[in-house]
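Student: I am new to this structure and would like to learn how to read its features one by one. Could you take me through them with care?

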Amino acid sequence: MQQYFIPPFSSELLSKRKKLRRKLLENGTDFLDKRIAILGGSTTHDVKDMLELFLVHYGIRCQFYESEYGQYWQDVMFENPQLEEFKPDLIYVHTSVRNISCWPNLTDNAETVEAMISEEYEKFAGMWEQIHNVYGCPVIQNNFEYPYWRLLGNRDASDIHGRVHFVTKLNLKFAAYAQSAEGFYIHDLNYLSASFGLDAWSDPFCWYMYKYALSMKAIPYLAYSVANMIKSLYGKNKKAFALDLDNTLWGGIVGDDGAENLQIGQETSVGQAYGEFQQYIKAHMQIGVILNIVSKNEKENALAGLQRPDMVLKPDDFIMIKANWLPKSQNLMDLAHTLSLLPESFVFVDDNPAEREIIRQQIPGAAVPEIGDRSEAFIHAIDRMGYFEVTQLSGDDVARNSMYRQNAARSRAELSFADYGEYLRSLAMQAEIRGFSPMYYARIAQLTNKSNQFNLTTKRMTQEEIAAMAQDQAHITLYGKLADKFGDNGVVSVVIGEIREKCLDIILWLMSCRVLKRDMEYAMMDTLAVECQKCGIDTIYGYYFPTAKNRMVKDFYQKQGFSKVSEDKAGNTVWKLELSDNYSKKNHTIQVNIKKVEDMYNDKRTDF
């Protein structure tokens, strides 16, 4: 069934979507449930069905609201009890160039054309503001594909009267809005239609016959693209590459041919293709993707190849290099364990189809792109999959490679200590634990949607919900930043409690797995206890809802001194802690709120 979800999409996908969806629901567990409203300027039924299928494939189970044909604007701007009752978690506005209401004439002057562009833009901008004010949820908005015909030919792109020029200006205004608005995301219909082929995309027959603004064959590609944005928003992106070397990052087999005879660099066309592929892989470090090697090779041979002067990727670009003769599936599992990542966080890239199939069979959640055996096609095979779709990019994302490199330095330092407590004290850890601050809303929302292993209730929240709780006196909110002598980990822990008279219900407690076993949970607990006592709270209730991924925190509250109140057949547990004036402090290794974490760590060296 896997092949149905890899472009190019089978022509059977539309007809088999119900059967595929049923199988995915039957075989899957731990779904994330969301409500999505699709507001369409054209017919959207098959778009909805395809979007639903791809989202289930990503582990997101959805209920949908669909506007009537062409009623996207009216559904938002006028009273709509049905949509309000639906309470969407996300709204997708599916419009196209067919929904532009007026176009310039050759007799129009520049001021008239600019006024037309502004009028079209303001229609949409007013709708986006209304969505924000009434529904407070994220918005995904199509930009515009180019028109199907050009009156002025090539001049259409540069002349103020050209439709291509008109669309370009509108798209730039949409982009400017996205750059300044929180929770607003552009779905790049312009690029997608160009990639698919504009003539094939803009099939007039489908418009006149079914009022579809794109061809039937293009619908799965559109739905897949939107699904990638939604899974990114809800923390379903991949996080790391696990890369083969021979005939993947370079041409040839280093153990047989020798490092000096590998094909890489400008001397040959094949070498140029491998060089560009390395540039593509290395660029992912800018968005926080972690690079690792998994290669059947002697370590010294692997390093010899990576140390060639014409290599784009160098040994220091990789967090871990697994070059040995163990099964690659075992090496990949070791990578996941060492980096505190789930195995499904990885994208495994290997030119050998046998190795790819082994990973698919033994680590089903890992992504295994079909890159083929032609180096010039590797980039396209990976890029079209949307593994690392960027909807939000925080400072912590950009610094992730540095953070994992620092973690590797911590692991090396740990080996020199016989006593783990002494090791923790040697890190000179300092934490900033405070109430939610606007400068961290985006990162906190991102953590709620990404953290799976250390997340007791797996509650997912939007940035708007985070901001609302931060300003609500009925909630106690805490974020935690952690730094040590090796570096700053950024915001790594979040606690949200809802006040109920003299009780506090902990509705969310999560922590990034990169700071596991460093006592940050105890520092957060101590601070939470102090904040509760300030509010006159004498009882704290904690909740654990089991999933396939968070078993590691099953006994978390017991370790914090809570007593179990109840447990149902599904394993959901309720815990209780009676606070008193002599609350026993649990953190003995981290200094909390001595000074701001960002002021504490000035030495950016990672070579300790």
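Tutor: Over residues 35-230 the chain is 51% helix and 13% strand, with the end C-alpha atoms 12 Å apart; helices (H or I, at least four residues) and strands (E, at least two) are DSSP runs, numbered from the N terminus. For these residues, 35-230, an unreviewed UniProt entry lists "domain: BF1531-like N-terminal", and such positions are given in the numbering used here, with feature names shortened and annotations that may be inferred rather than shown by experiment. The model is predicted, so local features need pLDDT of at least 70 and side-chain atom pairs count only at pLDDT 80 or more, while totals for chains, interfaces and linings use all residues. Residues are numbered from 1 along each chain as its sequence is written, and side-chain values use heavy atoms, leaving out hydrogens and water.

Student: How many aromatic pairs are there, and how are the rings of Phe 9 and Tyr 221 placed?

Tutor: Rings of Phe, Tyr and Trp (its six-membered ring) pair if their centres lie within 6.5 Å, and planes under 30 degrees apart count as stacked, over 60 as edge-to-face and the rest as tilted. By this rule there are 36 aromatic pairs. Phe 9 and Tyr 221 form an edge-to-face pair, because their ring centres are 4.9 Å apart and their planes stand at 65 degrees. Since Phe 9 lies in the segment before helix 1 (13-27) and Tyr 221 in helix 10 (residues 219-233), the pair ties together parts that are 212 residues apart in sequence.

Student: Is Phe 9 buried or exposed?

Tutor: Buried means under 20% relative accessible area, exposed over 50%, and partly exposed in between (1.4 Å probe, protein chains only). Phe 9 is buried at 10%, whereas Tyr 221 is partly exposed at 22%.

Student: Which residues of helix 14 are buried, and where do they lie around its axis?

Tutor: An α-helix has 3.6 residues a turn, so residues three or four places apart point the same way. In helix 14 (residues 328-338), the buried residues include Lys 328, Ser 329, Asn 331, Leu 332, Leu 335 and Ala 336. Seen down the axis, the buried residues of helix 14 fall within an arc of 165 degrees, so they line one face; the arc is that of the directions from the helix axis to the C-beta atoms. Among the elements that cover them are strand 7 (290-296) and helix 15 (353-362), where contact means heavy atoms within 4.5 Å.
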